[in-house]
Amino acid sequence: MVALLVAFSVLSACGSKKEGAATASPSPSAAATATGNPADVIATYKEGGKITRGEFDSFINVNKMFSPQLAQFMTDPAFQQDMLKQMVTFRVLSAKADDKVKADADKQVTEQMKAITDYFGKQEGGMDKQLKDNGIELKDIESLMKMSFYTMGSMESKITDKAVQDSYNEQAAAHAFDIATVSHILISLKDAATQKDLRTKDEALARAKEVKGKLDSGGDFAALAKEYSDDPGSKDAGGTYKDADINQWVPEFKEAASTLPLNKISDPVESSFGYHVMKVESRSTKQLDDTLKTQIKSQLAEKSLSEFAEKEYPNLIETNNLPKPEANPAPAASPAASPAASPAASPAAK
């Protein structure tokens with residue numbers, strides 16, 4: 001499902017700056033909020049392109065099926081305009097995909113469609129209920145997926161090896177690929193599962209100092225981690241995160257992982273989770289392997305896609321019959337905000 005959501009959210013940056021989102025509660029019905037005949041043309045763009053009300057509603061409703069929080073924005077003009085921009089951009093760019101890109105994308109679409117039907121088939125009511133509740137058909141999902149994969153495949157095919165290398169060098173210089181092997185024992189203030197208070201800060205600090213004392217006296221780090229650590233993500237692995245991306249960690253933990261002397265037991269390090277007794281075993285920079293090349297290529301493709309949507313879209317549109325946003329709307333959170341932006345459950349969660 002992650003690959004699918006990525007494919008559907010490649011233009012989320014275009015909506016992330018949108019303001020004036022509706023403040024109404026989500027509609028009690030998840031079905032389309034169509035107003036008008038499905039055959040009505042709501043927008044036209046260059047080279048004879050047109051989008052009907054029915055096609056537009058299906059596009060929105062597929063996105064909403066995978067991001068139910070979008071339901072509350074369905075009637076917001078600013079949201080509708082943003083979705084129209086995404087739809088036109090996908091249509092124009094996907095049409096430029098060559099046969100090789102399409103063949104590769106079709107294989108991915110087939111795999112993803114199976115994953116989707118399997119996933120939603122296990123939900124209450126099965127796939128049929130999900131489709132009915134969202135006012136769409138299976139072919140609507142497949143259509144959007146093809147546009148997404150054709151578009152991204154076409155954009156990625158234009159990214160050169162030099163562009164990837166240059167981006168890697170730039171990001172590496174900014175420490176984007178710093179990794180470290182870090183062992184830690186977390187003495188938490190709250191229970192990770194229930195968020196109930198476990199101990200006061202003073203109690204946590206005293207317990208952390210007790211752990212450090214045992215380590216300084218030759219105690220086994222892995223054994224003490226299993227006994228004392230409140231980090232569910234690492235305690236059973238002896239408290240160790242191996243070759244982990246340091247940028248995923250909360251600022252205090254990241255700073256300590258970046259600066260502590262190697263292979264030395266630290267004094268308790270305070271973070272929003274509590275106190276950590278740490279040992280940094282190694283630090284390095286992730287090398288430009290095939291996996292990272294693919295990741296950077298996708299980043300560059302998404303950047304190109306967003307730039308196209310912002311710069312070229314206004315020149316593509318010929319008519320637009322959707323409601324226009326207010327001239328000076330009040331700021332509001334974007335409906336395209338990603339769940340991935342939420343805080344990690346663990347200070348060193350991947």
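1. Phe 120 is buried, with a relative accessible area of 6%, where buried stands for under 20% relative accessible area, exposed for over 50% and partly exposed for what lies in between, with a 1.4 Å probe and protein chains only. Phe 66 is likewise buried, at a relative accessible area of 11%.

2. This is a predicted model, in which local features need pLDDT of at least 70 and side-chain atom pairs count only at pLDDT 80 or more, while totals for chains, interfaces and linings use all residues. Residues are numbered from 1 along each chain as its sequence is written, and side-chain values use heavy atoms, leaving out hydrogens and water.

3. The structure holds six aromatic pairs, a pair being two rings of Phe, Tyr or Trp (its six-membered ring) with centres within 6.5 Å, counted as stacked when the planes are under 30 degrees apart, edge-to-face when over 60 and tilted otherwise. The rings of Phe 66 and Phe 120 are edge-to-face, because their centres lie 5.5 Å apart and their planes stand at 70°. This pair links distant parts of the chain, with Phe 66 in helix H3 and Phe 120 in helix H5 (residues 99-121), 54 residues apart; helices (H or I, at least four residues) and strands (E, at least two) are DSSP runs numbered from the N terminus. Ring pairs join Phe 66, Tyr 119 and Phe 120 into a cluster.

4. Phe 73 and Phe 79 form a tilted pair, 6.3 Å centre to centre with 45° between the planes, and both residues are buried.

5. Four bridges join strand S1 (residues 41-45) to S2, and Tyr 45 stands opposite Gly 49 in S2.

6. Confidence deserves attention when the model is read. The protein chain averages a pLDDT of 86, and 83% of the residues score at least 70, pLDDT being the predictor's confidence in each residue on a scale from 0 to 100. Over residues 1-34 the pLDDT stays under 50, although the model has 86 contacts beyond four places in sequence for this stretch, a contact meaning heavy atoms within 4.5 Å. Residues 330-345 also have a pLDDT below 50, with 21 contacts in the model beyond near neighbours in sequence.

Notes:
Pairing = 2+ DSSP bridges.
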